[in-house]
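Good morning, and thank you for the time.

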Amino acid sequence: MSPTSVSAARVARAPKPFYRSFGFQVLAAMVIGLVLGYIARQMGPDAAGNPNWLVQTLATIGSTFVSLLRALVPVLVFTAIVASIANLRELNNAAKLVWQTLLWFAITALIAVAIGIALGLIIQPGLNTAVLADAAKAPASSGSWLDFLKGLIPSNILGLQASTRVTDSGATTSLNFNVLQILVVSIAVGIAALKVGAAADTFLAFNRSFLKIVHKILWWVIRLTPIGTIGLLGNAVAVYGWDALAQLGWYSAAIYIGLALVLFVVYPVLLQSHGLNPIRYFQSAWPAIQLAFVSRSSIGTLPVTERITEQNLGVPREYAAFAVPLGATTKMDGCAAIYPAISAIFVAQFFGIQLGIQEYLLIVFVSVIGSAATAGLTGATVMLTLTLSTLGLPLEGVGLLLAVDPILDMGRTAVNVAGQALVPTIVAKRQGILDQAVYDRGESIEALDTGEAVPAE
């Protein structure tokens with residue numbers, strides 16, 4: 001390398017002023033959102049009893065940001081999964097990596113649900129709540145094992161579902177995507193492309209190119225995160241305030257204590273036991289964890305999670321491109337382990353229902369095996385209804401918890417994403433394919449600020 005190119009590389013690595021850091025901008029946006037949300041809540045409704053202009057503005061900003069993320073999800077999941085399966089053919093021990101990944105998904109979920117059950121029994125949130133019984137109501141939709149199994153079968157190649165609602169002003173039709181069906185279609189297409197062989201090379205090349213385009217567009221959306229943060233967090237404070245948290249204080253505390261134990265105790269212990277520095281992990285993974293907390297979307301955070309797993313944590317691209325997209329749709333330590341465990345115990349305690357060892361084992365089974373239902377249906381609330389219906393607990397208990405769900409969902413999603421980066425790192429280390437030098441260096445975080453990779457030496 002010539003002296004000129006060396007100097008250019010050093011200039012490219014020069015640290016940015018702190019105020020231009022993506023992390024600082026998001027933190028500043030969180031503070032602004034909290035302040036604006038508090039102001040909006042103090043302003044109260046307008047003369048007609050509708051939300052005031054500030055609440056509406058914050059809600060519009062937040063919903064627009066989430067809509068931009070959601071618009072890219074179907075094509076992102078499809079292209080990422082197909083590309084990841086195609087990349088497996090470049091690994092000598094692909095089958096072992098797949099099973100090791102699934103095994104560690106289950107192990108970490110098992111630990112998380114055990115913590116959730118323990119906290120539910122120790123804190124007893126259902127016996128220490130200020131929520132009135134008349135707040136209990138059944139949700140409009142619920143999850144079941146039949147829904148989950150039916151959701152595995154794609155109704156169309158795009159995984160789209162249409163729903164029509166008739167009101168006095170007319171009929172409106174909306175399109176929704178089923179992530180689980182898209183996942184199944186993507187896996188089938190990816191495997192078929194491998195079986196076809198050379199005839200699929202053109203398709204796979206197009207898919208890789210399309211994936212890069214989708215990533216670039218998504219990076220543009222992610223750069224709007226500070227603005228979206230102001231809207232999402234501000235609206236949450238303005239709409240929910242602290243009243244709901246006060247009524248469900250012990251329940252909320254149990255959820256966040258569980259999330260904190262998994263994120264800051266269990267994960268560091270697992271990393272340390274594999275000879276990996278936990279501080280380096282959090283330095284590298286923090287951009288993805290932070291974005292997940294704000295956006296409440298594991299899939300929307302996928303490009304950041306995949307990038308930090310490859311460039312910051314040292315996981316080979318071929319393996320990370322498989323494990324991270326799979327984890328973004330099925331690896332949910334927050335939404336599918338801690339949350340349903342504590343919530344199910346809360347509902348049982350609130351309604352005075354005794355749970356035996358069989359029910360606790362069912363909670364473990366649903367949390368470890370059924371987390372894919374969270375991707376196929378509608379988030380953690382449906383995962384909770386799946387758990388309650390399996391245990392035979394009143395579904396009306398879901399209505400007690402909906403008021404604080406958006407606030408809890410921030411922490412749940414952050415833990416989900418942290419686990420989605422953790423498992424590939426651990427598996428890569430166990431299989432001897434982790435680039436330890438990259439992991440220990442932890443110097444490419446600022447690459448996330450522009451979406452461009454730091455030049456290698």
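This is a predicted model: local features need pLDDT of at least 70, side-chain atom pairs count only at pLDDT 80 or more; totals for chains, interfaces and linings use all residues.

Helices here are DSSP runs of H or I with at least four residues, strands are runs of E with at least two, and both are numbered from the N terminus.

Residues are numbered from 1 along each chain as its sequence is written, and side-chain values use heavy atoms, with hydrogens and water left out.

How confident is the predictor, then, in terms of average pLDDT? The average for the chain is 80, and 78% of the residues score at least 70; pLDDT is the predictor's confidence in each residue, from 0 to 100. Confidence is highest in helix H10, residues 249-273, with a mean of 94, and lowest in helix H1, residues 3-12, with a mean of 45. Residues 1-12 stay under 50 in pLDDT, and the model gives them two contacts beyond four places in sequence, a contact being heavy atoms within 4.5 Å. Residues 134-138 are also below 50, yet this stretch has 11 contacts in the model beyond near neighbours in sequence.

Let me turn to the overall make-up. The chain contains 20 helices and two strands. Of its 457 residues, 51% count as buried, which is to say under 20% relative accessible area, whereas exposed is over 50% and partly exposed lies in between, with a 1.4 Å probe and protein chains only. Among contacts between residues at least 6 apart in sequence, 82% join residues at least 24 apart.

The UniProt record, an unreviewed entry, carries the annotation "transmembrane region" for several spans, including residues 182-206 and 248-270; such annotations may be inferred rather than shown by experiment, feature names are shortened, and positions are given in the numbering used here. In the model, residues 182-206 are 84% helix and 0% strand, with end C-alpha atoms 19 Å apart. For residues 248-270, the figures are 96% helix, 0% strand and 32 Å.

We may now compare individual helices with their expected spans, defined as 1.5 Å times one less than the number of residues. H10 has 25 residues and should span 36 Å; its end C-alpha atoms are 35 Å apart, which agrees. After H10 comes Gly-275, with a positive phi near 75°. Helix H4, residues 94-123, has 30 residues and reaches 43 Å, close to the expected 44 Å. H11 reaches 24 Å with its 18 residues, close to the 26 Å expected. H11 has a kink of about 55° at Ala-285, shortly before the proline Pro-287. H11 is also mostly covered, since 13 of its 18 residues are buried.

Most residues other than glycine have a negative phi.

Which residue forms a salt bridge with Arg-296? The partner is Asp-409, with the closest N and O atoms 2.9 Å apart; a salt bridge is a side-chain nitrogen of Lys or Arg within 4 Å of a carboxyl oxygen of Asp or Glu.

The whole structure has five salt bridges. One of them joins Arg-317 and Glu-310 at 3.1 Å between the closest N and O atoms, and Glu-310 is buried at 13% relative accessibility. Another joins Asp-333 and Lys-331 at 2.7 Å, N to O, and both of these residues are buried.

Conventions:
The bend at a residue is the angle between axes fitted to the seven residues ending there and the seven starting there.
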